[in-house]
Every structure is written in C-alpha cells, then in structure tokens.
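Subject: Structure for you to look through

Hello,

Please take your time with it.

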Amino acid sequence: MAKPSKKPVGITGLGMYVPSRVLTNHDVERLVDTSDEWITSRTGIKRRRIVKPGTPASDLAVRAGRKALRAAGLRPEDVELIIVATITPDTPMPSTACFVQTKLGASRAICFDIGAACSGFLYGLVTAEQYIAGGIVRNALVIGAEVLSCVTDWTDRSTCPLFGDGAGAAVLQPVRSGGILASYLGADGSLSDKLCIPAGGSRQPASRETVDRRLHTLKMHGNEVFKHAVRIMAEAGRRAMHDAKLGCADIALVIPHQANLRIINAVRERMGLPTEKVFLNVAKYGNVSAASTAMGLCEAVQRKRVVKGDIVVLVAFGAGFTWGSVVIRL
Ligand SMILES: CC(C)(COP(=O)(O)OP(=O)(O)OC[C@H]1O[C@@H](n2cnc3c(N)ncnc32)[C@H](O)[C@@H]1OP(=O)(O)O)[C@@H](O)C(=O)NCCC(=O)NCCS
C-alpha cells in the first residue's frame with residue numbers, strides 16, 4: 001500500500017520523554033552472563049532508560065504528548081484524535097490512548113491504540129494523516145510509548161540487553177505545503193512467531209504456568225529478525241522515496257527504527273546513503289519499539305540535525321512482521 005497524500009498534512013509539534021534511570025551495559029552484566037563488549041559490538045547499545053517499577057506507558061506518553069502540544073501551540077482541550085502506538089499498554093482494556101486523554105485533559109479527542117510493534121508510530125502517522133485529510137478531525141496527537149522493561153525477560157541474555165523505555169509524540173495538522181509526501185506500510189503475519197509475547201491474550205490467557213514459563217515476556221529469533229529487518233527496511237525506505245519522486249540527494253536525514261546499529265548500517269548501505277544522513281541514538285536508548293522513530297525525529301529536530309523545509313524519511317520494522325516508511329517535509 002503506497003500513495004502520495006492529497007491534502008497536505010504535516011507535523012507541527014514534537015516531544016519526547018525518557019525516564020531518568022539509566023541502565024548501562026555494565027549494569028546488565030550484573031544480571032546475565034554477558035559483557036559490555038559483546039552488547040556493544042553486536043548491537044551498538046551502551047545504555048537504556050528504565051522506568052521505576054509500576055510506571056504505566058501512559059505516564060511517559062503524557063509527558064511526551066504535552067511537549068508536542070506545547071511545540072504546536074495546541075491546547076489539550078482542542079485535540080481531536082489521540083493515537084497511542086504501543087506493545088506495552090497500561091491495560092489490555094481500555095486503550096492507553098483513553099488514559100492519556102484523561103491525564104492530558106483532552107476530553108474532545110477520539111482515542112484508540114495501534115498495535116504494530118516497532119512500526120506503530122508510522123502506522124499511527126499514516127492513520128492520523130487520513131483522518132485529517134478526510135476531514136474527520138482537524139488535528140491529531142500521535143504517540144509511541146513503551147515500557148519494554150516490563151515485558152523483558154531479565155534472565156535471558158539474548159534479549160534483555162536490547163530494550164528500553166521511552167515515548168515520542170507528534171502533533172499532526174493541515175499544512176499549506178510539504179508535510180507527509182509519501183508513505184508505505186506493510187505486514188506479513190506468517191512470521192508472527194519470530195518476535196512475540198506468547199501469552200497474556202486470548203490464545204494463552206495468563207495462568208500460573210504462563211508466568212512460571214515467562215511467556216509474558218518478549219521472545220525473539222534474533223538472526224531471522226535481523227535478516228528480514230535489513231531487507232524490508234531498505235525496501236520500505238526506497239519505496240516511499242520512489243513514490244515521493246525523491247532520490248538520496250533530496251533527503252536531509254533518514255531516521256530508522258533504532259533496533260540495532262548493525263541493522264541500521266546494513267540498511268544504510270542497501271539504500272546507498274552516506275553515514276551523515278542516517279540518524280542514530282540507539283547507543284543511548286536501545287530499542288524502544290513504537291517510541292523509537294518518534295524519539296529519533298524529536299531528537300533530530302532538537303539537535304538541529306534537520307530544520308524546517310528539510311525532507312526526512314522515517315523507516316521502521318517490527319513484530320508481526322510489520323513495516324513502514326514515511327517521507328515528510330518538515
Ligand atoms: C540479538 C542479536 C544481537 C544476536 O546477535 P547474533 O550475532 O545473531 O548472535 P547469536 O544469536 O547468533 O548468538 C551468538 C552467540 O552469542 C551468545 N549470546 C547471545 N546473547 C548474548 C549476550 N547478551 N552476551 C553474550 N553472549 C550472547 C549466544 O548464546 C550464542 O552463543 P553460542 O554460539 O555459544 O550458541 C542479533 O541477532 C540481532 O540484533 N537481531 C535483531 C534483534 C532486533 O533488533 N530485534 C528487534 C527488531 S524490531
């Protein structure tokens with residue numbers, strides 16, 4: 001599915017939030033049989049942020065969302081749509097977006113969550129764009145928020161160094177020109193077992209056995225995820241750029257999902273991009289799933305890696321498998 005947007009819809013405000021507690025690779029060394037050297041060389045991750053136990057994803061989402069609203073000059077009571085992309089919702093029901101609505105005081109907003117794992121923020125952007133372009137709402141707050149520390153198996157060295165907590169948010173509104181130029185989303189559910197949380201849903205409801213077997217935590221076939229992620233992210237990035245009729249020279253910055261430095265480097269090579277055109281913050285935050293590209297875009301703007309008028313490409317891949325890319329003129 002790929003189509004250029006009609007009425008221009010753009011990002012008018014960004015915000016992010018990460019908890020203050022830092023978990024370094026040396027801290028992870030104390031939990032499992034690993035080393036800073038192994039984690040750094042295989043993933044590029046040096047540290048990640050972790051919430052205080054009991055902190056729900058909506059707390060992170062609200063902090064990021066408030067900043068994005070402030071940047072856009074929009075009052076909470078004027079927000080018409082809230083989409084939260086997350087694999088770590090506060091509760092299975094109601095949606096985290098509803099908790100965010102109440103905490104923000106955005107009582108007019110339509111609220112729902114999107115479950116597309118690490119691609120969730122991009123699925124959210126494209127969904128909100130359609131709501132605005134279709135005239136259903138005049139603005140939207142799209143938030144990627146994750147507390148992955150609560151679904152991480154801290155006894156499994158093959159997954160626990162990879163993930164962190166955080167949130168990123170964007171306000172979308174109609175713009176005169178620019179905005180979202182093209183997008184491309186996709187999924188392949190036949191590979192769902194490669195990266196999943198097996199229990200806690202209707203297929204395997206929570207039981208003493210599922211808890212004992214740690215089936216409420218992330219399970220991953222690392223090598224297979226790696227291979228698919230590289231191929232599909234490069235393809236997704238190229239597809240959206242092609243649809244926007246843009247080449248690498250037109251792009252100021254590509255902001256890939258920050259899962260792993262080796263994946264990002266391989267995607268960069270396949271897309272034929274120079275290193276300076278690819279944004280990185282994986283060393284500081286690890287993989288923050290749905291929050292990742294949102295935080296990346298926010299940091300890239302904060303650090304002035306991109307300025308108004310620049311074209312950025314967001315590209316992500318995640319459990320499902322799902323993937324997506326969005327080309328935006330800021
Ligand atoms: C997880 C990942 C870093 C593992 O790297 P890898 O090079 O594939 O490593 P392997 O899984 O082949 O394991 C190699 C060895 O390292 C060991 N190992 C795994 N985790 C380790 C750790 N944290 N510390 C030390 N050794 C570790 C394995 O046990 C294995 O040992 P063995 O050869 O004695 O069996 C890599 O597969 C990856 O990045 N996958 C994608 C993950 C991801 O980003 N997922 C989210 C996408 S949205």
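This is a predicted model: local features need pLDDT of at least 70, side-chain atom pairs count only at pLDDT 80 or more; totals for chains, interfaces and linings use all residues.

I began with the helices, since two packed helices are described by the angle between their axes and the distance between the axes. Helix α3, which covers residues 57-72, and helix α4, which covers residues 96-104, have axes that come within 9 Å and cross at roughly 55°. The crossing in which α3 passes α4 is right-handed. On the α3 side the contact is made by S58, D59, A61, V62, R66 and L69, while α4 brings T96, F99, V100, K103 and L104 to it. Sorted by class, this contact of α3 with α4 holds six nonpolar, two polar and three charged residues.

I then turned to strand β7, residues 165-174, where nine of the 10 residues are buried, so the strand is largely enclosed by the rest of the structure. Strand β1, residues 9-17, pairs with β7 in the antiparallel sense over eight bridges, and within this pairing you can find L14 standing opposite A170 of β7. Strand β6, residues 140-147, also pairs with β7 in the antiparallel sense, over eight bridges, and here A140 has L172 in β7 as its bridge partner.

Best wishes

Terms used: Residues are numbered from 1 along each chain as its sequence is written. Side-chain values use heavy atoms; hydrogens and water are left out. Axes are lines fitted to C-alpha atoms, for helices over the stretch in contact, and angles run from 0 to 180 degrees between N-to-C directions. Helices (H or I, at least four residues) and strands (E, at least two) are DSSP runs, numbered from the N terminus. A crossing is left-handed if the near helix is turned anticlockwise from the far one by less than a right angle, and right-handed if clockwise. Contact means heavy atoms within 4.5 Å. Ala, Val, Leu, Ile, Met, Phe, Trp, Tyr, Cys and Pro count as nonpolar, Asp, Glu, Lys and Arg as charged, and the others, Gly among them, as polar. Buried means under 20% relative accessible area, exposed over 50%, partly exposed in between (1.4 Å probe, protein chains only). Two strands pair if DSSP finds at least two bridges between them.
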